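Here is a short report for a reader new to this structure. Look at the sequence and the model first, then read on.

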Amino acid sequence: MEHGKIDWNEVWKKLMAAQQAANKEVEKNLWNKKDNAERFWKRTQENSERTRLTLEELPLTPESRVLDIGAGPGRLSIPIAERVAHVTAVEPAEGMKNLLLENVAEKGITNLDCVSKRWEDIDVGNDLDGSYDIVIASFSLGMPDIKDAIRKMEQASSKHVYLYWFAGTTPWEEHSVNLWPYLYGINYTCGPKCDVLYNVLYDMGIYPDMQVFPLEYTNNFASMDEAMDFFRSRYMIETPEQETILYNYLRDELSWNNGQISEKGNSTRVRICWEKKQNN
């Protein structure tokens with residue numbers, strides 16, 4: 001490496017490691033629980049416009065073979081499977097995977113396979129089913145070594161790679177920044193964003209197309225108890241003192257309207273995509 005040149009993959013690794021250390025394995029625990037996966041699925045069905053726009057911008061054909069990394073309960077995998085020849089969904093979290101399989105069975109989908117592994121543990125040659133016309137990772141790039149992850153995506157793809165990630169601090173990171181000093185006595189480190197990702201790609205000789213778009217979301221809760229249940233698992237609340245801190249924070253932060261309690265957020269997101277043949 002040239003003297004003084006920034007190693008953007010190392011920047012990604014350090015930010016991701018710091019965020020995951022602060023998170024205390026929060027994401028792993030959060031999405032292993034089926035009720036949290038179900039709430040996520042319900043929210044995607046209520047806010048379906050972004051899914052529709054994503055499907056429109058993907059180069060899907062009836063012959064396409066698609067790999068969806070971090071598929072969750074099937075927000076993209078299921079409607080894609082209804083349009084293409086085959087989908088392989090990679091989903092390591094138990095709660096998300098089980099709900100995905102339930103949704104697939106309920107809709108009678110027969111052209112979707114699920115691989116229950118983290119992307120960093122996937123062996124492209126042995127764990128996946130050949131090559132894919134389109135590889136997608138939609139807000140699922142919480143990978144410690146993004147350069148290695150992208151290499152594997154290119155290995156799995158015969159043509160297109162579509163990544164979706166964040167620009168700027170997300171609403172849930174703002175919650176964590178506000179809460180962490182009081183809950184754990186430490187500051188919260190936000191994860192790497194699209195600027196680091198672009199520079200990693202650039203250093204790999206990949207010059208992608210990028211589109212920035214805003215995304216609003218709403219998380220509805222029937223009661224404060226339900227809201228506390230959701231955020232308690234998100235923030236791994238363990239003591240009565242932490243419980244009080246979280247309750248007081250949510251009471252001030254959540255929206256209250258006619259008995260309906262909501263968490264509303266606005267984030268800026270980025271679609272980053274490229275064709276392999278243009279770079280290799």
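Is E243 buried, partly exposed or exposed? The model is a predicted one. In it, E243 has a relative accessibility of 27%. Buried would need a value under 20%, and exposed a value over 50%. E243 therefore counts as partly exposed.

E243 sits in helix α12, which runs over residues 240–253. Leaving aside residues up to four places away in sequence, E243 touches M228, R232 and I237.

## Helices α11 and α12

Two packed helices are described by the angle between their axes and the distance between the axes. Helix α11 covers residues 224–234. Its axis and that of α12 come within 11 Å and cross at roughly 120°. Angles of 65 to 115 degrees count as roughly perpendicular, and those over 145 as roughly antiparallel. The crossing is right-handed.

Which residues meet here? On the α11 side they are M224, A227, M228, F231 and R232. On the α12 side they are E243, L246, Y247, L250 and R251. By class, this contact of α11 with α12 has 7 nonpolar residues, no polar ones and 3 charged ones.

The loop between α11 and α12 holds M236. The phi angle of M236 is near 50°, a positive value in a residue other than glycine.

## Helices α8 and α10

Helix α8 spans residues 146–156, and helix α10 spans residues 194–203. They pack at an angle of about 60°, and their axes are 10 Å apart. That angle makes α8 oblique to α10. The crossing of α8 and α10 is right-handed.

From α8, the contact draws on I146, K147 and I150. From α10, it draws on L197, V200 and L201. The contact of α8 with α10 counts 5 nonpolar residues, no polar residues and 1 charged residue.

Where is F139? F139 lies in the loop between strand β4 (132–138) and helix α8. Its phi is near 55°, which is positive in a residue other than glycine.

How open is F139? The relative accessible area of F139 is 22%, so F139 is partly exposed.

## E174 in helix α9

E174 belongs to helix α9, residues 171–184. The relative accessible area of E174 is 45%, so this residue is partly exposed.

Not counting residues up to four places away in sequence, E174 touches T169 and Y249. Y188 is 14 residues from E174 along the chain. The C-alpha atoms of E174 and Y188 are separated by 9.3 Å.

## The annotated stretch

What does the UniProt record list for residues 66–155? The unreviewed entry gives "domain: Methyltransferase" for them. In the model, this stretch is 36% helix and 22% strand. The C-alpha atoms at its ends are 14 Å apart.

Technical notes. Residues are numbered from 1 along each chain as its sequence is written. This is a predicted model: local features need pLDDT of at least 70, side-chain atom pairs count only at pLDDT 80 or more; totals for chains, interfaces and linings use all residues. Side-chain values use heavy atoms; hydrogens and water are left out. Axes are lines fitted to C-alpha atoms, for helices over the stretch in contact, and angles run from 0 to 180 degrees between N-to-C directions. Helices (H or I, at least four residues) and strands (E, at least two) are DSSP runs, numbered from the N terminus. Angles under 35 degrees count as roughly parallel, over 145 as roughly antiparallel, 65 to 115 as roughly perpendicular and the rest as oblique. A crossing is left-handed if the near helix is turned anticlockwise from the far one by less than a right angle, and right-handed if clockwise. Contact means heavy atoms within 4.5 Å. Ala, Val, Leu, Ile, Met, Phe, Trp, Tyr, Cys and Pro count as nonpolar, Asp, Glu, Lys and Arg as charged, and the others, Gly among them, as polar. UniProt positions are given in the numbering used here, feature names are shortened, and annotations may be inferred rather than shown by experiment. Buried means under 20% relative accessible area, exposed over 50%, partly exposed in between (1.4 Å probe, protein chains only).
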